[in-house]
Amino acid sequence: MVTNGGARLVGRKPTGRAAVFFDRDGVLAIPEIRDGKSFAVRRLEDFAVYADAQESVRRVKALGAIAVVVTNQPDVGNGLVGRAIVEDMHQRLRLMVPVDAVYACYHTRADNCGCRKPKPG
């Protein structure tokens, strides 16, 4: 695992190959819907991926690209879920879907960090 400030990389180091970047919640992982809005789940037992997530990532990899997940997880910075739980979710994601790496920003929007997407850091 490589750490860069608040962002964490889980997986292999970059290879110089083409990459496709996937958001986690609502793209690969099934979000929780509250009041008609999409939110990241907060409990490991609620974490699940879409039925076609694995095949979608496999298709990208079959084209020769690496598959990278990038995700903002401000619930950690807001104290609503523990970082270890979110990291367990990322490990579960990697077991279920053949992604090469997971980058996560655990800061809140107010932190104005450099690793929060869509910033390039």
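What is the relative accessible area of Cys-115? The answer is 16%, and Cys-115 is therefore counted as buried; here buried means under 20% relative accessible area, exposed means over 50%, and partly exposed covers what lies in between, with a 1.4 Å probe and protein chains only. The views below show a predicted model, in which local features need pLDDT of at least 70 and side-chain atom pairs count only at pLDDT 80 or more, while totals for chains, interfaces and linings use all residues. Residues are numbered from 1 along each chain as its sequence is written, and side-chain values use heavy atoms, with hydrogens and water left out.

**View 1. The protein chain contains 3 helices and 7 strands.**
Helices (H or I, at least four residues) and strands (E, at least two) are DSSP runs, numbered from the N terminus. Read from the N terminus, the order of the elements is β-β-β-β-β-α-β-α-α-β. Of the 121 residues in the protein chain, 38% are buried. A contact is a pair of heavy atoms within 4.5 Å, and among the contacts between residues at least 6 apart in sequence, 68% join residues at least 24 apart. The accessible surface, calculated by the Shrake-Rupley method with a 1.4 Å probe, amounts to about 6900 Å², and carbon and sulfur atoms account for 53% of that surface.

**View 2. The cysteines shown here lie in a structure that holds 0 disulfides.**
A disulfide is counted when two cysteine sulfur atoms lie within 2.5 Å. Cys-113 takes part in no disulfide, since the nearest cysteine sulfur, belonging to Cys-105, is 3.5 Å away. Cys-113 is also buried, and its relative accessible area is 11%. For Cys-115, too, the closest cysteine sulfur is that of Cys-105, and the separation of 3.5 Å is too far for a bond.

**View 3. Ser-56 sits in helix α1, which spans residues 53–62.**
With a relative accessibility of 32%, Ser-56 counts as partly exposed. A polar atom of the Ser-56 side chain lies 2.9 Å from the backbone oxygen of Asp-52. The view also takes in Leu-28, which is 28 residues from Ser-56 along the chain, and the C-alpha atoms of these two residues are separated by 9.0 Å.

**View 4. The second largest pocket holds about 240 Å³ of space.**
On a 1 Å grid over the protein atoms alone, a pocket is an open set of points with protein on both sides within 12 Å along at least five of seven lines, tested with a 1.4 Å probe, and lining residues have an atom within 4 Å of a point. The lining includes Asp-23, Asp-25, Phe-39, Gln-73 and Lys-117. Three elements, β5 (37–39), β6 (66–72) and α2 (74–77), each supply at least two residues of this lining.

**View 5. Asp-25, one of the lining residues of the second largest pocket, belongs to the loop between β3 (19–23) and β4 (32–34).**
Asp-25 is buried, with 18% relative accessible area. When residues up to four places away in sequence are not counted, Asp-25 touches Ala-40, Thr-71 and Gln-73. With Gln-73, the side chain of Asp-25 makes a side-chain polar contact of 2.9 Å; such a contact is a pair of N or O atoms within 3.5 Å, where within protein one must be able to donate a hydrogen and the other to accept it, and residues adjacent in sequence count only if both atoms are side-chain atoms.

Lys-119 is partly exposed, at 36% relative accessibility. Apart from neighbours within four places in sequence, Lys-119 is in contact with Asn-112, Cys-113 and Gly-114. The side chains of Lys-119 and Asn-112 are joined by a polar contact of 2.8 Å. Asn-112, which is also in the segment after β7, is exposed at 58% relative accessible area.

**View 6. Backbone angles are the topic of this last view.**
Most residues other than glycine have a negative phi, and most peptide bonds are trans. Asp-35, in the loop between β4 and β5, has a positive phi of about 50° although it is not a glycine, and Asp-35 is exposed, with a relative accessible area of 80%. Asn-112 likewise is not a glycine and has a positive phi of about 50°. The peptide bond that joins Lys-117 and Pro-118 is cis, with omega about 15°, and Pro-118 is placed in the segment after β7.

Definitions and conventions: Points joined across faces, edges and corners; volume = space filled by probe spheres on them.
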